[in-house]
Amino acid sequence: MTFSVVDAMHMAQALRLAERGLATTHPNPRVGCVIAHGERVVGQGWHIRAGEPHAEVYALREAGEQARGATAYVTLEPCAHHGRTPPCADALIAAGVARVVIAVEDPFPQVAGKGIATLRAAGIAVEGGLMREAAREINIGFFSRIERQRPWVRVKLAMSLDGRTALANGQSQWITGEAARADGQRWRARSSAILTGVGTVLADNPQLTVRVPSTQDEKPSVFPTRVILDRQLRTPAGSHVLDGQTPTLILHAASAQVTDDRFAKVERIAMPEQGDALDLRAVLGLLAGRHCSELHVEAGPTLCGALFAAGMADELLLYIAPVLLGDQARPLLHLPSLADMAARWSLRVVDQRQFGSDWRLLLRPA
């Protein structure tokens, strides 16, 4: 299917609008919509947060009567079912739009193809696939959760030039500068959950909260759930993750017992084990069932290495500081020993940017 330069211009704007909901739409996908007559835009909007109107509704409100005969550019197939809001396909039909251009089809079973079918049945021309990959990228976790039944797993690590993440005594604050750490907070904000292991809790007593400017576009409407893998329930009283200020889930072995009230303010779930650790595949399945789309991992080399070794790390968010920590400092990942270079883990660079004197690489398995 061939699209015009004007089509591409409007869809690019719709994608920019969708990105404004990166931190606020959970568990819904991020969606943008532009309504136009030729080059002239008459309405635009984006989905701001779950439970509130979808992108199409905001755009139609702005367009008013000018929506009649217009083209609507939507980054995700309009919904055709009653959820917390009415179907957007019906709203587009009622507004009298003549054409709908969709970036990507919605894999959610209650929508999947039904929105397109509803629009076409009403005589509206529907065309799809314009900037499909970019639209999938904005909702990469949503597609992962629906299509693979597990969240998109993003492992975030910071290291020195010699590949070290902490001194031999465990001290790691701070390898990177303030600008890089602020960027890391933005990645936390867009995530459904933040995962770490009990080793990190014991060593650093992290808060695992989101600290970003209090703007509409960056502050999450629902803060990411803190998820702690604590097989033997070793998280000590007084840990920040037990403060009850942010939703927290402690995953442990069924055999683990607790006799005090340390965990009174958090949720605990017993998980199956695999060897001497919790079953990571079961963990991801559980989180997907709880509407977790993007899982942000900030953990030590053991847990991060286990995710990579099991093929469950979808991308690596790596911050590199121009410092050296020495060969006695702690490594980036604990991975199985390799006997042949052909077995090495190969990654491709998706994005690279500089923050202050630090570099950020976004890498995915090649």
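Tutor: Gladly! Let's start with two strands: β3 and strand β4 (residues 99-102) run parallel and are joined by four bridges. Within that pair, T71 stands opposite R99 in β4.

Student: What kind of model is this, and how are its residues numbered?

Tutor: This is a predicted model, in which local features need pLDDT of at least 70 and side-chain atom pairs count only at pLDDT 80 or more, while totals for chains, interfaces and linings use all residues. Residues are numbered from 1 along each chain as its sequence is written, and side-chain values use heavy atoms, with hydrogens and water left out.

Student: What makes β3 and β4 a pair of strands?

Tutor: Strands are DSSP runs of E with at least two residues, and helices are runs of H or I with at least four, numbered from the N terminus. Two strands pair if DSSP finds at least two bridges between them. β3 and β4 have four bridges, so by that definition they pair.

Student: Which strands make up the sheet, and in what order?

Tutor: The order is β2-β1-β3-β4-β5, an open sheet of five strands with mixed pairing. At its edges are β2 and β5 (125-128), each of which pairs on one side only. On average, neighbouring strands of this sheet are turned by 15° against each other, direction ignored; such angles run from 0 to 180 degrees between N-to-C directions, with axes as lines fitted to C-alpha atoms, for helices over the stretch in contact.

Student: What makes the pairing of β1 antiparallel, and which partners does β1 have?

Tutor: β1 pairs with strand β2 (residues 40-46) in the antiparallel sense over six bridges, and I35 has G43 as its bridge partner in β2. Four bridges join β1 to strand β3 (residues 71-74), again antiparallel, with V74 in β3 as the bridge partner of C33. The hairpin of β1 and β2 has two residues between the strands, and G38 there takes a positive phi near 60°.

Student: How do you know that helix α2 packs on the sheet?

Tutor: Helix α2 (residues 55-63) touches β1, β2 and β3, and its direction makes about 145° with that of β2. A contact means heavy atoms within 4.5 Å.

Student: Why is helix α6 called largely enclosed?

Tutor: Seven of the nine residues of helix α6 (residues 140-148) are buried, so the rest of the structure largely encloses this helix. Buried means under 20% relative accessible area, exposed means over 50%, and partly exposed lies in between (1.4 Å probe, protein chains only). The buried residues of α6 are I140, G141, F142, F143, S144, R145 and I146. Their cover includes α5 (132-138), β6 (152-160), α9 (280-289), β14 (294-297) and β18 (358-365).

Student: Why is S191 called buried, and what does S191 touch?

Tutor: Its relative accessibility is 4%, so S191 counts as buried. S191 sits in the loop between α7 (178-189) and β8 (193-197). Leaving out residues up to four places away in sequence, S191 touches R154, P224, E294 and H296.

Student: How do you know that C292 and C304 are in no disulfide?

Tutor: A disulfide is a pair of cysteine sulfur atoms within 2.5 Å. For C292, the nearest cysteine sulfur is that of C304, 15 Å away, and C292 is in no disulfide. C304 is likewise in no disulfide, with the sulfur of C292 as its nearest at 15 Å. By this rule the count comes to zero disulfides. C292 has a relative accessible area of 4%, so C292 is buried, and C304 counts as buried because its relative accessibility is 0%.

Student: Why is H291 called partly exposed rather than buried?

Tutor: H291 has 43% relative accessibility, so H291 counts as partly exposed. H291 is in the loop between α9 and β14, and its phi is near 65°, a positive value in a residue other than glycine.

Student: Where is Q149, and what is its phi?

Tutor: Q149 lies in the loop between α6 and β6. Phi of Q149 is near 55°, a positive value in a residue other than glycine.

Student: Which peptide bond is cis?

Tutor: The bond from H26 to P27 is cis, with omega near 5°. P27 is in the loop between α1 (5-19) and β1.
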